[in-house]
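Please look at the sequence and the structure before reading on.

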Amino acid sequence: MDLLNMEVSSMSGISFDCSCGQKHNVAIGNIRIGSGVINELPELLRGLEGKKIFIVADRNTYRVAGTIVEEKLKDGFVLSRFVFEEEHFIPDEKALGRLLVEIERDTSMIVAVGSGSINDTCRYLSYKLGIPYIIVGTAPSMDGYASVVSPLIVDNVKVTYNAVYPEAIVADTDILKEAPMYMLHAGFGDILGKYTALADWHLARTLNKEYFCSAIEELVLKAVDKCVKAADRIAERDDETIKSITEALIFTGLAIGMTGTSRPASGEEHHLSHCWEMISMNEGRYTKWLHGNNVGVGVGIIAEAYSFVNNLDIEAVYATGKYRNLDRNQWARGLSEVYTRSAASIIKFKEGSIAFESEQSEINMKNIMKNWSAIKEICSELLPNPEVIRGIMKQAGTI
């Protein structure tokens, strides 16, 4: 199977044994990308004629594509819908609860109309209820269309939950290319995040002996490279550029499902984005900037961190012994100052994975020193330097 030369739309339903030792598969029935593919929606629902279809959108995505979805399905299916009218839709337990109230008994399919937040909410609803869902994309703004996880806000904390693949993805470039420019840049920022995510994956393999798949890494890098080459054409909104970004976003989502880990698509740059999103939410501040916009900024910061590590004198760091002195109370106070009402949940969630005992800190540091040559190689060879990344973003008009 020549995966490197496969179109993303051809990957639906594939299954293969990989050299990494895993069997990879894509349990999505259909992936439709291109001009006018929204017209194929009735065909994708063939066999459900006369059944109940639940359409979910927010007020913007309903205007952009929800009315088209209803028009395409009104004659063959029993339709109901719920449109979130909030100016800033938040994918939290309240939103999930509202959908549980609104969805009718014996619903056969959920049709999500939107991008990140709508998709994540409907994906988790589908997972919990065992009702399949289709996503009709409205912007190439994030890589979650083909993912099997849902980042949701619960107890004021952004947490990633296991969920399911969509039954089908409908990415009509006639709709996607008309999205606001900051949403196009968000998708591009999310794609650039794969540089640091893959470097993090290498670090996890080196230090923690985590599972790693070179074949998936190669495919992700090919998708990123295709987007980077199209960077200077984003402002033109031409079909091929939008299609390239959308294909890359969908593929990196598929990589999560194929490997069973978010490592190929999400690393420290995503954690920074989640951090900023929670801080803004807790302060009651909302902006137009999306997760992918934040990820794009995070890539530059994490690239600087890799550059910093590459220039460290690890023997000098070891000689200070300061790494043994992480005080749990000071750590918790710092989180409380930053995350305010989210802090208690974050502390509870994270403290079990933090080395507060000096003995464990010593073990961790010796592991780092033992693997220092490999770590420096990751820092210097496996991702572009910060100036190159900023240059790519300038070329795209993102900064």
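In this predicted model, strand β4 (residues 52-58) runs parallel to β5, and seven bridges join the two. Local features need pLDDT of at least 70, side-chain atom pairs count only at pLDDT 80 or more, and totals for chains, interfaces and linings use all residues. Residues are numbered from 1 along each chain as its sequence is written, and side-chain values use heavy atoms, leaving out hydrogens and water.

**The sheet**
- Strands are DSSP runs of E with at least two residues, and helices are runs of H or I with at least four, numbered from the N terminus.
- Six strands form an open sheet in the order β3-β10-β7-β6-β4-β5, with parallel pairing; two strands pair if DSSP finds at least two bridges between them.
- Because β3 (30-34) and β5 (78-84) stand at the edges with a single partner strand each, one side of each has no neighbour in the sheet.
- Asp-58 has Phe-84 of β5 as its bridge partner.

**Helices on the sheet**
- Helix α3 (residues 93-102) lies across β4 and β5, at about 155° to β5; angles run from 0 to 180 degrees between N-to-C directions of axes fitted to C-alpha atoms, for helices over the stretch in contact.

**Helix α2**
- Helix α2 (residues 59-73) has a kink of about 50° centred on Ala-65, the bend being the angle between axes fitted to the seven residues ending there and the seven starting there.
- Ala-65 is also one of the buried residues of α2, which include Tyr-62 and Val-69; buried means under 20% relative accessible area, with a 1.4 Å probe and protein chains only.

Terms used. Contact = heavy atoms within 4.5 Å. Buried < 20%, exposed > 50% of the residue type's maximum accessible area, 1.4 Å probe, protein only.
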